[in-house]
Amino acid sequence: MIPRVHKRGTRTLGLIYYLYGPGTHEEHIDPHLVAAWDTLAPDPGRDPKAAYIGLQKLLDQPVEAIAQHRRPAKHVWHLSVRAAPEDRVLSDGQWGEIARRMVAATGIAPTDESGCRWAAVRHADDHIHIIATTVREDGRKPRLHNDAGRSQAEARLIEAEYGLKQLNPGDGTAAQRPTSAERHKADRKKRERTPREELRETVRRAVAGAADEGEFFDRLRAAGLLVRKRVAPSGDLLGYTVALAEDRNKVGKPVFYSGSKLAPDLSLPRIRERWSGHTTEPDHDSGTRTNKPYPPAGPAEARRRATTAVWQAVLAVDRGEDPQAAAHIAAAGEVLDALAKTSAAHTRRELRDAAAAFERASRSHVRAERGHDRALRQAARDLVHSGPALGRGEDGATTAMLIDMVFFLVTVAANWHGRKEHAQQAAAARQAADHLRAAYRAAAAQPMAALHQKGRHLPQPLRLKQAACLRRAVPELAEQILAEPGWYALAATLADADAAGHEPAALLAEAAARRELGTADSVSEVLVWRLRRMADLPADAQQMPADERAATPSPSSMARPAKDRPDQRRKAR
């Protein structure tokens with residue numbers, strides 16, 4: 001159940017005309033009262049003798065009764081309450097009771113004292129509108145502070161009591177929803193999304209990995225948006241607004257939205273916070289401080305770097321302080337936006353949906369401590385600047401590797417939000433994880449098939465050797481992994497690691513110990529990507545250098561003691 005407090009107005013009669021009228025798309029059916037401050041209040045929908053103006057005069061009486069200078073400038077209060085699409089149809093009596101609870105909870109008409117005059121009108125199966133005037137019967141003003149938050153809290157109670165779909169409680173950090181007028185306009189224009197939603201996604205992608213204001217505004221213009229800057233008399237830039245070139249109002253002018261109206265963290269001051277943390281961060285593996293990295297050679301290298309940065313973020317969110325975790329979670333949204341923008345067509349839709357869902361998870365009341373997220377923001381920047389990736393070869397395989405790691409970061413973020421009781425953010429992160437699963441399946445199909453084929457064609461003694469290695473390294477997971485279809489891909493990866501001069505058992509034990517694997521659909525596939533990243537192996541099996549493919553031990557060489565095996569070439573590497 002979704003209650004929404006609308007902007008206050010000045011014309012009681014105008015709102016009554018709308019509520020009892022046909023609607024902008026003839027969607028109002030049988031408009032009638034379901035409850036009011038007085039059971040004898042006239043109902044223009046059911047009583048032909050009751051005029052709209054009669055209801056208006058009764059609602060406005062307390063306002064007219066006080067001196068002109070004491071009257072509120074905008075005295076018309078409006079609340080809509082909508083049921084979820086999957087909820088059952090409620091009766092007029094049930095909607096009337098819900099209306100009474102809402103006006104009591106918001107402060108319009110508390111049950112224990114004389115309140116404001118109000119009326120609840122139903123003109124569809126799934127929602128009602130409540131109109132009220134904001135002067136009480138005793139001439140005082142109602143206490144409407146946080147009326148929107150109180151209506152939401154009451155809605156959660158109503159959902160539980162009526163057996164309706166229970167929505168997650170919000171915390172005031174969500175982006176503003178499109179208005180009904182914006183939705184109707186999008187329907188008329190046959191647009192899948194409203195301009196507000198399109199602009200939010202475009203601005204989000206423009207800020208992903210941007211280094212400064214100049215690059216940010218250049219990206220907005222390159223995306224085809226109309227941009228206006230708000231400049232102070234001193235010349236300082238205060239803010240910005242954006243519009244779609246084709247979105248016009250009734251007089252033909254573009255409809256501009258400020259960044260803060262798209263999302264709380266898209267205002268210019270909040271965007272500047274992302275650029276404020278330019279301190280050098282320690283390298284998590286070596287303990288040394290790293291300088292600005294060189295540009296990636298291409299999409300594949302950018303994805304490998306991003307995978308490492310995302311892994312470090314997983315540890316930071318899982319083990320770090322809350323402000324640091326919040327910064328990494330916010331920056332994870334930038335990585336998702338950049339990945340969606342640069343990935344191949346067969347994964348783009350799911351990645352876009354994942355980024356859109358995670359947008360809600362990227363904000364909470366925990367203030368992000370910027371600077372700790374520099375590696376993730378650099379990863380987003382590298383992804384954007386390396387250009388679009390192919391859906392095959394090393395580009396496609398490293399995309400699967402990165403999606404696999406981002407899935408773990410999003411899952412850790414969902415758990416973090418869950419511990420903080422951020423219900424909406426946790427649900428959004430879980431939804432993003434579902435889209436990432438689908439994107440991973442699309443991205444990993446080809447590279448995993450190649451590794452699977454390579455593993456099946458390994459000599460039988462070598463496969464037995466890799467199985468024994470698996471049992472030594474991770475005895476508690478070995479039988480599960482051996483039963484998975486991905487085992488052949490893991491066997492091929494262990495053989496590649498061995499050929500590259502690594503100790504497969506030690507590498508495998510380290511990979512399995514780095515984080516729990518309980519949320520993985522395929523433990524073997526997760527280990528494949530971890531091993532190939534840790535051992536610096538090509539993500540695409542077909543990209544293995546010829547000399548390393550030739551270095552795969554033959555059955556006869558495996559029969560000799562380890563000290564007699566010709567492995568000097570591996571040591572030379």
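Let's start in the loop between α1 (12–20) and β2, where Asp30 is found. Helices (H or I, at least four residues) and strands (E, at least two) are DSSP runs, numbered from the N terminus. This is a predicted model, in which local features need pLDDT of at least 70, side-chain atom pairs count only at pLDDT 80 or more, and totals for chains, interfaces and linings use all residues. Residues are numbered from 1 along each chain as its sequence is written, and side-chain values use heavy atoms, with hydrogens and water left out.

**Positive phi values**
- Asp30 is not a glycine, yet its phi is positive, at about 50°.
- Asp536 counts as exposed, at 59% relative accessibility.

**The sheet**
- Five strands make an open, antiparallel sheet in the order β1-β3-β5-β4-β2; two strands pair if DSSP finds at least two bridges between them.
- β1 (2–5) and β2 (32–36) are at the edges with a single partner strand each, so one side of each has no neighbour in the sheet.
- Antiparallel β1 and β3 (residues 76–82) are joined by four bridges, and Val5 has Leu79 as its bridge partner in β3.

**Helices on the sheet**
- Helix α3 (residues 92–106) packs on the sheet and touches β1, β2, β3, β4 (116–124) and β5 (127–136); contact means heavy atoms within 4.5 Å.
- Helix α4 (residues 147–162) also packs on the sheet, touching β1 and β3.

Notes. Axes are lines fitted to C-alpha atoms, for helices over the stretch in contact, and angles run from 0 to 180 degrees between N-to-C directions. Buried means under 20% relative accessible area, exposed over 50%, partly exposed in between (1.4 Å probe, protein chains only).
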